[in-house]
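Please look over the sequence and the structure before reading on.

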Amino acid sequence: KQSAPHRGSFRSLRSSPLHDTMAAVDDAAVDTAAAAETPDDGAATTDASVAPGTKKTKQWFPLESNPQIMNNFIEKMGFPVDSYRFTDVFSTEEWALEMVPGPTLGVVFLYPIKEATEEFRAAEKARIETEGQVVDESVYYMKQTVGNACGTVGILHACGNIADRVAPKPGSYLETFFSTTKSMSPDEIAEYLNNDDSMDEKHAEASTTNEDGDAIDPSTIETDVNTHFVCFTEVNGCIYELDGRKASPINHGPSSPESLLSDACKVIKGFMERDEGEHRFTIVALAPAVED
């Protein structure tokens with residue numbers, strides 16, 4: 001389902017004169033309520049966009065896939081955007097990756113949820129259950145129990161897995177959030193977020209404000225959308241896909257800060273190839289801040 005026109009477009013692609021298979025885009029670059037999703041474990045839920053076995057207790061407005069909005073959001077939560085900030089990745093091709101300052105410490109990817117993505121998710125889950133996988137115990141991972149929260153969950157995954165390298169400002173919301181939740185289980189972190197009134201307010205502001213800081217009329221924002229954010233991060237030499245609606249992090253193999261962006265784009269190309277003809281994808285990278 002399309003988002004309201006003012007919610008912005010797939011800005012990272014539309015703003016570039018260059019394009020590849022991600023070039024033709026429409027106005028749906030928002031977080032997801034994902035009504036068509038099916039939980040990983042098949043458990044009944046009131047909203048399938050949330051983690052398996054849980055019931056959605058509330059729903060937020062969707063967050064736009066827009067680096068400036070995301071940077072404004074994390075700055076207000078205490079992330080040092082003068083050191084690292086989200087930036088557009090215009091394509092999965094090499095020329096576009098070379099435009100992104102390095103090393104990249106996180107990648108946030110938005111894609112449409114469709115039959116092909118759900119079939120692959122089920123097959124991936126079955127493979128992992130059969131073959132197993134190694135997940136480093138230091139990976140910071142949380143489930144999603146709030147409707148339309150996957151943009152914020154993706155951002156928290158990106159920032160939470162680099163807190164030892166790019167620390168939040170002392171006394172900030174992020175410092176408190178990560179120090180409080182770092183020893184919690186994924187379900188416990190989800191419950192903490194669900195009960196966090198402060199984050200309710202911060203997300204509401206970020207999702208109802210445009211990139212220039214102007215307020216958006218909430219009544220014009222579409223909440224029933226079918227796109228979804230996931231995060232890719234590197235932890236101790238491996239790249240992990242972090243999706244709050246999956247049963248666990250997904251280990252996609254060896255990686256490093258220097259190769260994270262290209263490694264993430266290899267995985268992202270799989271999403272695109274499984275949905276040939278679809279163009280509603282965006283990629284933003286958490287990369288070193290540079291002067292414009």
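How many bridges join β2 to strand β6? There are 5 bridges between β2 and β6 (residues 282–288), and the two run antiparallel. The model is predicted, so local features need pLDDT of at least 70, side-chain atom pairs count only at pLDDT 80 or more, and totals for chains, interfaces and linings use all residues. Residues are numbered from 1 along each chain as its sequence is written, and side-chain values use heavy atoms, with hydrogens and water left out.

**The sheet**
- Strands (E, at least two residues) and helices (H or I, at least four) are DSSP runs, numbered from the N terminus.
- Two strands pair if DSSP finds at least two bridges between them.
- The open sheet has 6 strands in the order β1-β6-β2-β3-β4-β5, with antiparallel pairing.
- β1 (84–89) and β5 (250–254) stand at the edges with a single partner strand each, so one side of each has no neighbour in the sheet.

**Pairing**
- In β6, L286 is the bridge partner of G106.
- On β3 (residues 227–235), β2 pairs in the antiparallel sense over 6 bridges, and V230 in β3 is the bridge partner of F109.
- β1 and β6 are joined by 6 bridges and run antiparallel; T87 stands opposite A285 in β6.

**Burial of β2**
- In β2 (residues 106–112), 7 of the 7 residues are buried, so the strand is largely enclosed by the rest of the structure.
- Buried means under 20% relative accessible area (1.4 Å probe, protein chains only).
- In a regular strand the side chains alternate between the two faces of the sheet.
- G106, V108, L110 and P112 are buried on one side of β2, and V107, F109 and Y111 on the other.

Conventions: Buried means under 20% relative accessible area, exposed over 50%, partly exposed in between (1.4 Å probe, protein chains only).
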